[in-house]
Amino acid sequence: MQRAGAAPITLRFVGDLVLGNNHLVENIPPEWEKLYFAGVEDYLKSADASVGNLEGVLTRHTKTLKATGSGRAFAFRSPPHYAGLLRQMNFRAVTVANNHSNDFGEIGFADTLKHLRDASVAIAGLKGEYATFEVKGLKVAVVGFGFYPRQDMIQDLESAARLVARARAEAQYVIATFHGGAEGDEAIWHANEAETYLGENRGNAVAFARAAIDAGADVVVGHGPHVLRSIECYKGKPVFHSLGNFVGV
């Protein structure tokens, strides 16, 4: 990434991160921690920073809001010290604007924020806010969007544009990242239209991405469908409509 008058920086963007789920496996073997990023550690660390979507929570709280016995709902919970593992792998920021950040209620969500902050991982996706970190003396802003009212929503293009513009006024580089769209193999193909999944309005990812770039984003990174989607160039800026899963267990 290089804007006029600013030094180039190297960023790695990844999709969904679901590390060991101790809601399913109570005692995760410690050796798993070396396996999650074993094949990509050098790749992540060779960049100035990496950014991903933390799909789940970092907490010891055990009460989930999901009816997981139905087979159609999933709750993702990882050990709190995994926040430090993310930072070791060069994740300078993650977004929590997704449909699993509240799997263990407000307690689980608050624990997640605390553990990420303690590990010096910036948090994108909090409503009305954006994450920032510095690389080579330059400020990078990460603005995260989801499709629920408790998050900044990709369905609300005007509000999204205002938040991106706020970040643009502060930072040399602005990344807009979103969680949206339908899921599964059939969701690989998408159009410039609103998508629904499981009865939920999950936004028009194409319209959102273009509105974000119009407002000042340098790049738009999508995730949520759990499959790879198209990449387009809009006004000279890249849009990754879905990076799919990166780490999932």
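Across which strands does helix H4 lie, and at about what angle to S8 does it run? I put this to the model, which is a predicted one. I found helix H4 (residues 157-170) lying across S7, strand S8 (138-145) and strand S9 (173-179). Its direction is at about 170° to S8.

**Entry on the sheet**

I next traced the sheet itself. It is open and has six strands, in the order S7-S8-S9-S12-S14-S13, and its pairing is mixed. Strand S7 (131-135) and strand S13 (231-234) each have a single partner strand, so one side of each lacks a neighbour in the sheet. From one strand to the next I noted an average twist of 20°.

I then looked at one pair in detail. Strand S12 (residues 219-223) and strand S14 (residues 237-240) pair in the parallel sense over two bridges. Here Val221 stands opposite Phe240 in S14.

I also looked up helix H5 (residues 205-215), which lies across S8, S9, S12, S13 and S14. H5 runs at about 35° to S13.

**Entry on helix H3**

I checked the length of helix H3 (residues 105-118). I listed the buried residues of H3 as Gly105, Gly108, Phe109, Thr112, Leu113, His115 and Leu116. These buried residues pack against strand S2 (49-54), strand S3 (57-58), helix H2 (82-88), strand S5 (91-95) and strand S6 (122-124). After H3 comes Ser120, with a positive phi near 65°.

**Entry on salt bridges**

How many salt bridges does a search of the whole structure find? I recorded 12, and I examined several of them.

Lys45 forms a salt bridge with Glu41, with 2.7 Å between the closest N and O atoms. Both residues lie in helix H1 (residues 41-45), four residues apart, which is about one turn of the helix. Lys45 is partly exposed at 41% relative accessible area, and Glu41 is partly exposed at 29%.

Lys66 and Asp103 meet through their side chains in a salt bridge (2.7 Å, N to O). This pair links distant parts of the chain, 37 residues apart: Lys66 is in the loop between S3 and strand S4 (77-78), and Asp103 is in the loop between S5 and H3. Lys66 is partly exposed, at 25%, whereas Asp103 is buried, at 0% relative accessibility.

Glu195 and Arg229 form a salt bridge as well (2.6 Å, N to O). I placed Glu195 in the loop between S9 and strand S10 (196-197) and Arg229 in the loop between S12 and S13, 34 residues apart. Both Glu195 and Arg229 are buried.

How values were computed: Residues numbered from 1 in each chain as written. Predicted model: local features only at pLDDT ≥ 70, side-chain atom pairs only at ≥ 80, totals over all residues. Heavy atoms only, no water. Pairing = 2+ DSSP bridges. Axes fitted to C-alpha atoms, helices over the stretch in contact; angles between N-to-C directions. Contact = heavy atoms within 4.5 Å. Buried < 20%, exposed > 50% of the residue type's maximum accessible area, 1.4 Å probe, protein only. Salt bridge = Lys/Arg side-chain N within 4 Å of Asp/Glu carboxyl O.
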